[in-house]
Structure formats: C-alpha cells, structure tokens
Amino acid sequence: MKHRNGSVFFTDSERATDYSITNQFAEHMEFMLVKDKITATAEDIYYALSMSVRDRLVRNWLRTQQLYKEKDVKKVYYLSLEFLMGRLLGNSLINMGFYDECFHILHKNGYFLEDIRESEKEMGLGNGGLGRLAACFLDSMATLELPAFGYGIRYEFGIFKQEILNGYQVEQPDNWLSYGNPWEILRREITFRVRFSGGVIVLKDEKGELKFDWTDTEDVLAVAYDIPVPGYKTRTVNNLRLWQAKATSEFNFKEFNSGNYLAAVESKNTSENISKVLYPNDTFERGKYLRLRQEYFFVSATLQDIIRKYRINHKTFARFAEKTAIQLNDTHPVLAIPELMRILLDEEHLGWDEAWDVTARTFAYTNHTVVPEALEEWPVAIFEQLLPRHLQIIYEINYRFLEFARDSFTKDEAVISRMSIIGEFPEKTIRMANLAIICCHTVNGVSRMHTGILKSRLFPEFNRIFPGKFINITNGITPRRWLKIANPYLSLLIDEKLGNGWAKDLKSLKELEKYLSDEEFLENWRHAKWLRKKILSEHIEIEHGIRPPENSLFDVQVKRFHEYKRQMLNILHVITLYNRIKDNPKGDFVPRTVIFSGKAAPAYSMAKLTIKLINSVADVINNDPEAGNKLKVFFLKNYSVTLAQKIIPAADLSEQISTAGFEASGTGNMKLALNGALTIGTLDGANAEIMDAAGENNMFIFGLTAEEVQSYKSQGYNPMEYYTNNPGLRRVIDMIRESYFNPKEPGIFQPLIDSLLKVDYYMLFADYDSYISAQDSASRLFLDRKEWTRKSILNTARMGWFSSDRAIKEYSRNVWHVSRVKGESGR
C-alpha cells in the first residue's frame, strides 16, 4: 500500500513478484532499518542495498559450502593476520553482475550509486601489502572456483585512522564498526574456547608413556563472523571467517556486589582486548604479551574450526593432510604448527611420529621479508608464561631437528646454532621463521629476486638441508578491483577493443599492442587518464585547498612508510627540483605534481619524521609563487584501498625506489603499471620481473643492484664521501639541516640528517645521482605525449602475468594440490 505522502520506496504493485533486489532493498529499508524516503540517509541507502546484495550472495554461498561438504573435497585454509579488503559493495556488484541493475534501482529513487558507495567504511582488517595480497588471493580463489577459506581476526578498531596535525601524523581510533557491517554474519553457534597460561602436569599412562595435561588455564571465547567472498562471474561464493574475542563471563558478580565495579569487568576487558586493535604496540612488554595472545587466539580458534569441518566426513586423522592444506601468510600464524601438534598429541593421542607426519604434510609457509631483523621472534620467557605446553613441543621439535641436522648435514655448531628454532643471544627467543621452515612441506618467496635471497643469503643452510622446499611464486593483483573497478574509463576503452574477457584472462591485454599506432585509440587513452587525474585533482583541492594542474606529470609514491622504501630519497629529489626552479624562476620546466600517501607505524619515529618533512617541504613549495604550477607536493592522509583506487589510475609515474635487496615483492608496482603508469625504480622485489615483461626501455631503472649494495656495505660504505663530493646533494641536505622548511621548529629533522650522514643504511646517497638522472629522463619523455602514451599502453598490455589468478593457479598446482569445484546454479 502506498502512503499518502508518497514516502515509501516502492508501491506494492511496483515490487517484483520474484525474489528481486528491488523487493529486497525496499523490505530492508522499511522493515530492518525502519526508514522511508523522508528519513533515510545515504548511510541507510548503502546499508539496505548492501544487505540486499548480501542476500543474493547467501544463496550461492550456502550452495557452495554444501557442495564442498558433499564432495568431501580437499580444502585450502588461508591464515593471515591481515585482510585489507577495501569496500565490498562495488566489488560484489561487479563480480555478481548486478552493477547496472542496482544503479537503476537507486537512480529511480534519486540516488547515484557512486555517491552511495562512498558511504561504506572499509573493514579495518589490515595495514599494507600483506593484507591487500590476502584480499586479492581470496578474490582469485573464488573466481577460480577453488574450495578455499580465509581466516583472520575481527579487529574492532583496525590499525588506526591517520590524521595530519601541523604536518605530523596523529593516530586516531579507526572505528569502522560504528555503523555496523552489513556484509558480516554472526555465527553464535561457532564459538571455541581458547586457553592461555596455567601449567603442564606430566603423567604416565598404564603403558608407561608420558602424557601432558595443560591445566589451570585462563580462557577466552572466540566467536565467528563470516564474510561471503564472491568470485567474478561464477557461482562460487567462498568464506572469510573472522574471530572476535569474548570473555567467558560478562563480569564478576561478587566483585560487583561488594562495590568494586572496575574489578567486576576487568577480566572481560582483558579478554576482549585481544581483538581490539591490529598490531598492538609491542615496544612495551605488555604489548608483546597482547600480540602473542592475539596470534595464538587466532590460530587456536581456526584449527578447532578446521578440525570440526574435517570431522563431518572423517572419524580419524588418517586423511587430514590429504583433505587439508593450510597456508601460513607470513610468520604471524606459525603458532598453528605447535598447536596442531598439541591437539594431535594431547587430545587425539597420536604418537609423535604420526602427529609430526600429519602436521608436516598439512602446512605451507609464505615468507614476506628479506630483512633478518624483521623475522618474528618471541622471548622464551613470555612464551613460558602464556603457552607452556607449546614451548615444550617447540623444544622437542627443535631437539629432533638438530639431531637430524648433526647426523645428516653438519657438525659445525655455528651452522647448527643458525638453524636452531631457539635463539640464544641477546636473550633466549623462539625464531618463528625457522619453526615454519623446519615443519612446512613448502616455503615460498614472493618474487624471483626475493626467493633467490632466501636461498642464498637468509636461509642458505635450510635450502641445502631441504633441497626443493624453497620455491618462488611471484605475487599478483586482482584485475577486477585494480582495473575494472578502480579505473572504469580505461576499462571501458579496453572493453571496446578486446571485449570484457580480460578481467578473467589478463594476458589477453597483450592484444592492446595492436593499437599502438592508432591515433584515435592513443587520444582516447590519454583522455581516460586525464579524467582520472581530474577526479584526483578535485579530491586534493577539497583536502588541501590547492588544485594541481591536470596537465602536470603526476608522480606517485603510495605505500607504507619505512626507511627502506625510501620516501626520503623522493623528497630529496623534490627539493632538488625546487632548487632548480629557484635558481632559474623563468626557466622552462616540465610541470610536476608529487603525491605521497601511506601510514607509519605508531612507534616508528623515523618514518613519522619523514612524513613531517614531506609536509613541511610541501608547505613551502606550494606557497611559493616562483614554484607556481611548475611543482606541487601533496601528502594525502589516511591511505587505504579506497584512496588507492583514486590515486593509482591517475598516476603517470610510479615510484618503486626501495634499496635493492630489501623489498620482497611489492604489489603497488603492479597496480600502477596495470593502470598505465611508467615505473621509476630499482631492480628490487618484483621490479625486475616487471622490467622483463614491460621492457627496460618502457621504465626508468636506476641505482645499485642488490649485489652491489652488499658489496658496498662489505667494503665500508661512507655516506660522507657522497655528501662532500656532490654539491647538489650537499645543498639539499644542508637546507634540511638548517631548518629551511621548518623555521618555526628548528632542528626537528636532525635525527634524519644524522642517520643519513653517519650511516645511510639504505644507501640513499649512493643512489642519488642515478635517481636524479632517471627523473630527468622521465621529464623529457613526458614532453613527448605520443611516445609517453605508447609506453603507458605497453605497460598495461604487458601486465598479464601479474594477475593474482596466475599466482593462485601456481599455489594450487605446486603447493596445495587442490582442484576446481564448479558451483551449481543459485541465481
């Protein structure tokens, strides 16, 4: 019935008689949100539409899960402490083929779908490349119709919301759940008890064998929340299961009645802190305890759930490894290894050899770092207090492995010490990467260079004792989000020439090379790029009050802030350009807009100081009339998937300038190249493979190689020599040191200068000249619009190999040994 004021979204006669999105949207709006056209906000429209789309997802989701159960297929479980999913509404609509239908539903009611999508808050489940890679992999696993499940933690506040105050990064809580999350489904019935602390009682059974009883534990409940993950144009809908910590009881009634109200809820708050924040600050002892509790909470609940599913079709563990593949995304989930051993030994009463065989055939490990100090280690003292039984199991694993190594590999105790799970100095620690390598059947690096470094430099002894265990699977990105959704103008242009099959077969982009001499196509390509630059310019103007010129070269560095990623080198180049302008204000310069974005870890003072320097330099340059439109610099706050989707399609130049040998892979390099940006970079991470694909003459490669970096360091690298002998570099450094960009806060950047002049660990000075030369080459080429456009097209056309679909096929074939399970109709 239509109300007299016409406030309902659809009349009864307008509602479709079938189970349509139109009908679901209206019912969610009226019956769940209790809103009409007059009272509904943009957030309400978003919520009702998302719930309607989720309803459609659920149909195929239930069918998919039932199919896996009925066929008793081998399943992949992808364990990651991060899942940087991005906004889900647009991705779900594209994958399910409902985008146009929902656009028209909203348009009929006076709303634009693009505006409504802006109401969605990103799930605060990740920080950087690790979490975004996991999200890309989930998308590809569903698209390839693989029986796969993601597992993580439902963080209440994510990592943090980044604000910039007087140029400084300020961390604010990321309250992403403030309006609820329409995509998640609470599974109250799937709740597991997770234990900590206590002690271990050792007993002998009637056969005289030792039995271990973990007693007097402090327990927490893990409650499941599910997020459906649809594949692109498939009927498969996989699942991301997230765990939230809940206290075993709400409060201590005895304490409450005695008037001690804070103590009454203390236990509840302590328990539930586990899932409050991603990566609690572990520079403090209390933070270390919380982080270890977080990691064990995650793997314990996950393994209990995996075993619950396995037991639906199996009574014993004889086929567990045959039916289960667990991928550990970095070292954060490696506690799953001793946890599965504990379950098999203490609860299932398997013998050690049988338990070890099952465990070793179940797990695989992805390493994501080449920096030894970044490899996760836990103090034994903390482990002993929180996980006493697991410490016993790790000691036993280590003892057996070292005995095997001495018998079959070497008697050299220095080598044995390096391979040991237990580190002895400066304090006794558990080396999680060593534990993973010893146990897992496969260890993979994430780029060709990274894997080579793992084998030759980081873990050479393990590579020799376990021949064939280390393999390479170069990272990839999903083209659905990073081209089809992020860059609709370019996607439509590609569709006109190639059809839309490229979104599932990215190598077909190679066909774009046919149009390199087509003047109309080149002009349309430039126009698509200009439209994205215009959108980003409008965003920058809103945030900064200054609009960068769209005809300038958009020079982009967007990534987590770390010294090895060398945002500092980029700002040295910016100051160099500024000095050239000041020296010749009437000179003819290629206009350039330099864009930074990314977060620094709250405790990482040098990275945070670099952000302050960038903002200080930007403040001077952007307000200098002599710089004008020749040079603009912007730091865009609170980098996220959503912001990346604004920046990346607008980029002309992609800064991938980490010190060679320090970046494992990178995926931002792939996203930017896929969207037609030309790369300026070192031969680090996946850059070398991108160069092989795109062609060295379509990039700007500079700097020392990884081998040269190591050689320079071994010979005694002296940054002062470069400072003394290079007038341009010396001028830039002196300007920073003399507070040119921060006269009201003199001396604040001295720690950056001291680090560069005394150590320069990441060798900025050694690469400075080469970097400046490469930047000059980029500026010259940008003046040739036709040639720049041709190279932009070639970068896009040759990125087919960097699809996450290709990477997942390699995991499926070489690591997991799982097969496609085609979904049944559920539309």
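Close-up 1. Setting aside residues up to four places away in sequence, Gly126 touches Glu82, Phe83, Leu84, Ile159 and Leu278, where contact means heavy atoms within 4.5 Å. This is a predicted model in which local features need pLDDT of at least 70 and side-chain atom pairs count only at pLDDT 80 or more, whereas totals for chains, interfaces and linings use all residues. Residues are numbered from 1 along each chain as its sequence is written, and side-chain values use heavy atoms, with hydrogens and water left out. Helices (H or I, at least four residues) and strands (E, at least two) are DSSP runs, numbered from the N terminus. Gly126 is buried, with a relative accessible area of 8%; buried means under 20% relative accessible area, exposed over 50%, and partly exposed in between, with a 1.4 Å probe and protein chains only. Gly126 and Leu278 lie 152 residues apart in sequence, and their C-alpha atoms are 7.2 Å apart in space.

**Close-up 2. Asn175 in the loop between β4 (168–172) and β5 (185–196).** Asn175 counts as partly exposed, because its relative accessibility is 36%. Apart from residues up to four places away in sequence, Asn175 touches Lys121 and Phe157. Thr659 is 484 residues from Asn175 along the chain, and the C-alpha atoms of the two are separated by 35 Å.

**Close-up 3. Two aspartates with positive phi, Asp216 and Asp760.** Most residues other than glycine have a negative phi, and most peptide bonds are trans. Asp216 has a positive phi of about 55° and is found in the loop between β7 (210–215) and β8 (218–230). Asp760, with a positive phi of about 45°, has its place in the loop between α30 (750–758) and α31 (764–782). Asp216 is exposed, with a relative accessible area of 68%, whereas Asp760 is buried, with a relative accessible area of 2%.

**Close-up 4. The cis peptide bond between Phe425 and Pro426.** The omega angle of this bond is about -5°. Pro426 is placed in the loop between β13 (422–423) and β14 (429–431).

**Close-up 5. Packing of helix α2 (residues 42–71) with helix α3 (residues 89–96).** The two helices pack at an angle of about 40°, with their axes 11 Å apart; axes are lines fitted to C-alpha atoms, for helices over the stretch in contact, and angles run from 0 to 180 degrees between N-to-C directions. Helices α2 and α3 are therefore oblique to each other, given that angles under 35 degrees count as roughly parallel, over 145 as roughly antiparallel, 65 to 115 as roughly perpendicular and the rest as oblique. On the α2 side, Tyr46, Leu49, Ser50, Val53, Arg56 and Leu57 meet Leu89, Ser92, Leu93 and Met96 of α3. By class, these contact residues divide into seven nonpolar, two polar and one charged, where Ala, Val, Leu, Ile, Met, Phe, Trp, Tyr, Cys and Pro count as nonpolar, Asp, Glu, Lys and Arg as charged, and the others, Gly among them, as polar.

**Close-up 6. Helix α30 and its contacts with α23 (residues 605–622) and α29 (residues 727–737).** Helix α23 packs against α30 at an angle of about 115°, with the axes 9 Å apart, and that makes α23 roughly perpendicular to α30. Their contact is made by Met606, Leu609, Thr610 and Leu613 of α23 together with Pro751, Leu752 and Ser755 of α30, and these residues divide into five nonpolar, two polar and no charged. The axes of α29 and α30 come within 9 Å and cross at roughly 145°. Here Ile733, Ile736 and Arg737 of α29 meet Gln750, Ile753, Leu756 and Leu757 of α30, a contact with five nonpolar, one polar and one charged residues.

**Close-up 7. The largest nonpolar core and the residues around Phe297.** A nonpolar core is a set of buried Ala, Val, Leu, Ile, Met, Phe, Trp, Tyr and Cys residues joined through side-chain atoms within 4.5 Å. The largest such core has 206 residues, and those with the most contacts inside it are Met141, Trp243, Phe297, Phe462 and Trp816. Helix α2 supplies the largest share of this core, twelve residues. Leaving aside neighbours within four places in sequence, Phe297 is in contact with residues including Ile153, Val194, Phe196, Trp243 and Ile274. A second, separate core of 70 residues includes Leu553, Phe561, Ile581 and Ala600.
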